[in-house]
Amino acid sequence: MGLLDEASKLPVNEQISFICQLIAKLETSQIQTLLEFSQQELAARQEHSPTPAVRQTTLLLKKDYSYQKRGLNQPTQYYVYLRRRKPKLDRYIGTLFYIDQGAALSYYPDADGRIVFTAPHNLFVLTDVTNPSLHQAVRLVCLEPPPPDYTFTKQQDDTPAIQLRLEYLDPESYQLLSEEIYPFPFCMYGGGPLDRYRWNVSPLILPSSHTARPTADETL
C-alpha cells in the first residue's frame, strides 16, 4: 500500500504515465483482467454521475505524415481538428509546435472532451530564434474544447472557443513556475506567446535526477 499511497500523490499526468509503464510489463491475460476491471469501474462511476451534455463536436489530433518523406521517426507537428458528430465532418483549427527533428507526443481524450497531454512526451524547450540564450521550458497540459452545443457547417468561418493550457517550468529545477491558458490557435501565430516563427522547439528530456513536479495544486 505504501507504493500506491506514494503514486496517488503524483500529478494526474504522472500517474497515467506510471500506469502505462506498468501495463507494458504485464502479461496479456493480466491486461485483459485489468481491462475488465476498468470497464466495470467506469460503468459504476457513470451510473452514479450526472449525465454529461452530449457534445456536438470533439477535438482530435492528426499527425503531419510528411515526416516520413524526410526520413524522420516522429512527426514534426500535429494538426488540431474539430469533428462534428452528425453528419460527420472535420474542421481544421490549427497546428501545435513545429519541431524540426520530429518528436513523439502522448495524449488521450478525457470524459470532458479535452485532449490531455501526458508524460513523458509533453515537455518541450523553446529557444528564441534571434537570441538563443533566451529559452523556456514548458509542459503541455491539455486542449480544452468549445462548449458542448458548439457545431459548424461547411465553409463556416467563426472562431470556436478552444483553449491551450500549459505550464512554464524552471529551466534548472523543472519545478512549476506558472500555468497559462491561451486561446488556440492564435497563441501559436502572429506574435502570440508561442509564436512558431519566434521559437525553435525541441523535446525536453528530464535528467534522471529530476522529475517535473508542480509547486502548486493541480488544476486539471
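# Exercises on a predicted chain

Strands S8 and S9 form a hairpin that has six residues between them, and Tyr174, in the turn, shows a positive phi of about 65 degrees. The model is predicted, so local features need pLDDT of at least 70 and side-chain atom pairs count only at pLDDT 80 or more, while totals for chains, interfaces and linings use all residues. Residues are numbered from 1 along each chain as its sequence is written, and side-chain values use heavy atoms, with hydrogens and water left out.

## Exercise 1: The elements of the chain

State how many helices and strands the chain has, and give their order.

*Solution.* Step 1: the secondary structure comes to three helices and ten strands. Helices (H or I, at least four residues) and strands (E, at least two) are DSSP runs, numbered from the N terminus. Step 2: read from the N terminus, the order is α-α-α-β-β-β-β-β-β-β-β-β-β. Step 3: of the 220 residues in the chain, 37% are buried. Here buried means under 20% relative accessible area, exposed means over 50%, and partly exposed lies in between (1.4 Å probe, protein chains only).

## Exercise 2: The S8–S9 pair

Determine how S8 and S9 run relative to each other and how many bridges join them.

*Solution.* Step 1: strand S8 covers residues 162-169 and strand S9 covers residues 176-184. Step 2: the two strands run antiparallel and are joined by eight bridges; strands pair if DSSP finds at least two bridges between them. Step 3: within this pair, Glu167 stands opposite Glu179 in S9.

Step 1: the side chains of Glu179 and Arg165 meet in a salt bridge, at 3.3 Å from N to O. Because Glu179 lies in strand S9 and Arg165 in strand S8, this pair ties together parts that are 14 residues apart in sequence. A salt bridge is a side-chain nitrogen of Lys or Arg within 4 Å of a carboxyl oxygen of Asp or Glu. Step 5: Glu179 is partly exposed at 27% relative accessibility, whereas Arg165 is buried at 10%.

## Exercise 3: Arg139

Is Arg139 buried or exposed, and which side chain does its own side chain contact?

*Solution.* Step 1: Arg139 is located in strand S7 (residues 135-144). Step 2: Arg139 has a relative accessibility of 2%, so this residue counts as buried. Step 3: the side chain of Arg139 makes a polar contact of 2.4 Å with that of Glu167. Such a contact is a pair of N or O atoms within 3.5 Å; within protein, one must be able to donate a hydrogen and the other to accept it, and residues adjacent in sequence count only if both atoms are side-chain atoms.

## Exercise 4: Leu96

Where is Leu96 placed, and what separates its C-alpha atom from that of Arg196?

*Solution.* Step 1: Leu96 belongs to the loop between S3 and S4. Step 2: its relative accessibility is 4%, so Leu96 counts as buried. Step 3: Leu96 and Arg196 are 100 residues apart along the chain, and 8.8 Å separates their C-alpha atoms.

## Exercise 5: Cysteines

How many disulfides are counted?

*Solution.* Step 1: the rule asks for a pair of cysteine sulfur atoms within 2.5 Å. Step 2: by this rule the count is zero disulfides. Step 3: Cys142 is buried, at 0% relative accessible area, and Cys187 is buried as well, at 2%.
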